[in-house]
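Subject: Structure for your files

Hello,

Here is the structure I said I would pass on. Please have it open while you read the notes under it.

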Amino acid sequence: MYYKTTGYRLFTVLNYFILLLAGILCILPIVHILAISFSASAPANSHLVGLWPVDFNIESYTKTLNNPNFLRAFVISLGRTVLGTFMTMSVIILAGYALSKDSAVFKSRNIYAWYFVFTMLFTGGMIPSYIIVRNLHLMDTIWALVLPGAVQVFNMILLMNFFKATPKEMEEAALIDGAGHFTVLFRVYLPLAMPSIATLSLFSIVGNWNAWFDGLLYINNYRNYPLATFLQTIIVQQDFSKLNPDVNELKNISQRTVKAAQIFIGILPVLIVYPFLQRFFVKGIVLGAIKE
């Protein structure tokens, strides 16, 4: 058999080595940040921390979790991620299902499809987008963070192609039994598309959680910043006024360890969500269903 040949075994070993190396390169920065966050001020500022904490302490996490501005930004990001993902997935599922139909069923399909593609290729730009958000009185609200990016055309096209690959006999059988389009969508298409939906949901979750520029653009009051924007102002712009610092406290707390703690807390939700969606990725590999 081909999988017993020396060439195939060498190919397999090389693939595992490359994947293992890529995994290590992705994990090491996270481990380093975690080690710095649990280290004391002096070794952290002296760049003596590697992959293991030096003079273990949790003062940076205590300072971070007791900071009301950080907690407020965390809650705003959490709400923005949940609301944004729900709206995005609702739009692309409904649009993807409609556009997956043939022109004989949905006569204006091509017009709407090209309209979506046009918006993916050409945009009005940052200034017109800002003017629209301002004129709609969405400034300093969570809707300014959610609505502009609610329609993700590329993800909609991916889901549309998955729906188009679903055997038509399954839909026809449901329609003969008296099902409507919403019943067909939620009882036939969505169960088969769960691996794709889980993948696109993860893309939306990560995109909403990590987005920081729209917060700077549409949010004027720093108290309404999402977490990514909050961290950007502290870590990149070196603006520590939003940490509510105490003069005596700043003598004993390292800015480097506090930054590391905030970065790790910022990436923790995505690290927690990913394992729950991993089983859908595995299922997508072995998904059989019925193929034409």
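Predicted model: local features only at pLDDT ≥ 70, side-chain atom pairs only at ≥ 80, totals over all residues.

Residues are numbered from 1 along each chain as its sequence is written, and side-chain values use heavy atoms, with hydrogens and water left out.

Whole chain

The chain has 15 helices and zero strands; helices (H or I, at least four residues) and strands (E, at least two) are DSSP runs, numbered from the N terminus. Of its 292 residues, 37% count as buried. Buried stands for under 20% relative accessible area, exposed for over 50%, and partly exposed for what lies in between (1.4 Å probe, protein chains only). The accessible surface comes to about 17,400 Å² by the Shrake-Rupley method with a 1.4 Å probe, and 70% of that surface belongs to carbon and sulfur atoms. Taking contacts (heavy atoms within 4.5 Å) with a separation of 6 or more, 69% are between residues 24 or more positions apart.

Helix α4

Helix α4 covers residues 68-99. Its 32 residues should span 46 Å at 1.5 Å a residue, and the end C-alpha atoms are 46 Å apart, so the two agree. The expected span is 1.5 Å times one less than the number of residues. At the start of α4, a side-chain oxygen of Asn67 comes within 3.2 Å of the backbone nitrogen of Asn69.

Cores

A nonpolar core here is a set of buried Ala, Val, Leu, Ile, Met, Phe, Trp, Tyr and Cys residues joined through side-chain atoms within 4.5 Å. The largest one has 22 residues, and those with the most contacts inside it include Ile93, Met156, Phe163 and Tyr189. Two or more residues each come from α4, α5 (109-121), α8 (153-164), α10 (181-192) and α11 (194-210). Helix α4 gives the most, with six residues. A second, separate core has 15 residues, among them Leu227, Ile234, Phe264 and Val270.

Leaving out residues up to four places away in sequence, Tyr189 touches Tyr97, Lys101, Phe163, Thr166, Lys168, Glu171 and Val184.

Aromatic pairs

Rings of Phe, Tyr and Trp (its six-membered ring) pair if their centres lie within 6.5 Å; planes under 30 degrees apart count as stacked, over 60 as edge-to-face and the rest as tilted. The count by this rule is 13 pairs. The rings of Tyr115 and Phe116 are edge-to-face, because their planes are at 70°, with centres 6.2 Å apart. Tyr115 is exposed at 54% relative accessibility, whereas Phe116 is buried at 17%.

Phe182 and Phe186 are stacked, at 6.4 Å centre to centre and 10° between the planes. They are four residues apart in helix α10, so about one helical turn separates them. Phe182 is exposed at 58%, and Phe186 is partly exposed at 46%. Phe38, Phe56 and Tyr61 are linked into a cluster by ring pairs.

Two single residues

Ala173 lies in helix α9 (residues 168-176) and is partly exposed at 40% relative accessibility. Its C-alpha is 9.7 Å from that of Val184, 11 residues apart in sequence.

Ile127, in helix α6 (residues 126-135), is exposed at 59%.

Regards

Methods: Polar contact = N/O pair within 3.5 Å; in protein donor to acceptor, adjacent residues only side chain to side chain.
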